Amino acid sequence: SINIAILPLAFTCTDSVPLPLLALKLFDMHGYGKLQNLYAVDVARHIQIQWKKHGHPVITVFDYTVKDHRYVPQDLDILAGDRDTAVVISLGQHFRPFPMELFLQRMLNVRAAVQRLLLRSPDTKVIIKAENIREMSADPERFGDFHGYAQYLALRDIFRDLRVGFIDAWDMSIACGVNDVQPREVVENQINMFFTYIC
């Protein structure tokens, strides 16, 4: 069985979804809003995938509930983990308009939680997904790639000496020449790289 916790990994729908994902069935969690927790299962292959939004800050125009709100370190601390568990952590875009100190403190907390997870379950696979570059039409003073690049460099530095995988979405989106917060052109490459880490 494979358990995948995605905290939060922004994959958009494309026509090139890998075959293993086609058998997944979305389980209705009876959540609220577009940013509700998602849960998909493939009973025949014993695969479950969970997605949840990270804790504050969450910048969105969509309604969402805070009833099940937890920060990523809290989610990691309640995760048992084992050789069939993979965790993907993707943070960045929502931190851009805030002081860099907030991002650094949050990432240091995530790092400490990853260390605790790997200490109690060394076979758990942890993957860090960097943020993408984004379009410049969305308030470049607050959301511009200048802030994103600083966060990207800090993220690489904070996790560099841990036994984690790293999906370099920043370089992937630059290589594809896209300026989109969730570039469809690189999602397939991100998924393929994810599978190289867990297979």
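Leaving aside neighbours within four places in sequence, which residues is Val 114 in contact with?

## Val 114 and its partners

This is a predicted model. In it, Val 114 is in contact with Leu 76, Ile 89, Val 126, Phe 159, Leu 162 and Val 164, once neighbours within four places in sequence are left aside.

## The largest nonpolar core

Val 114 also belongs to the largest nonpolar core, which has 26 residues. Five members touch the most other members: Leu 76, Ile 89, Val 110, Val 114 and Phe 159.

The largest share, 7 residues, comes from α3.

A second core is separate and has 11 residues. Val 88, Ile 167, Ile 191 and Ile 198 are among them.

## How α3 packs on α5

Two packed helices are described by the angle between their axes and the distance between the axes. Here, helix α3 covers residues 100-120 and helix α5 covers residues 145-159. Their angle is about 25 degrees, and their axes are 10 Å apart. Angles under 35 degrees count as roughly parallel, so α3 and α5 are roughly parallel to each other. The crossing of α3 past α5 is right-handed.

From α3, the contact is made by Met 100, Phe 103, Leu 104, Met 107, Leu 108, Val 110, Arg 111 and Val 114. From α5 come Ala 150, Gln 151, Ala 154, Leu 155, Ile 158 and Phe 159. By type, the residues of this contact are 12 nonpolar, 1 polar and 1 charged.

Terms used. Residues are numbered from 1 along each chain as its sequence is written. This is a predicted model: local features need pLDDT of at least 70, side-chain atom pairs count only at pLDDT 80 or more; totals for chains, interfaces and linings use all residues. Side-chain values use heavy atoms; hydrogens and water are left out. Axes are lines fitted to C-alpha atoms, for helices over the stretch in contact, and angles run from 0 to 180 degrees between N-to-C directions. Helices (H or I, at least four residues) and strands (E, at least two) are DSSP runs, numbered from the N terminus. Angles under 35 degrees count as roughly parallel, over 145 as roughly antiparallel, 65 to 115 as roughly perpendicular and the rest as oblique. A crossing is left-handed if the near helix is turned anticlockwise from the far one by less than a right angle, and right-handed if clockwise. Contact means heavy atoms within 4.5 Å. Ala, Val, Leu, Ile, Met, Phe, Trp, Tyr, Cys and Pro count as nonpolar, Asp, Glu, Lys and Arg as charged, and the others, Gly among them, as polar. A nonpolar core is a set of buried Ala, Val, Leu, Ile, Met, Phe, Trp, Tyr and Cys residues joined through side-chain atoms within 4.5 Å. Buried means under 20% relative accessible area, exposed over 50%, partly exposed in between (1.4 Å probe, protein chains only).
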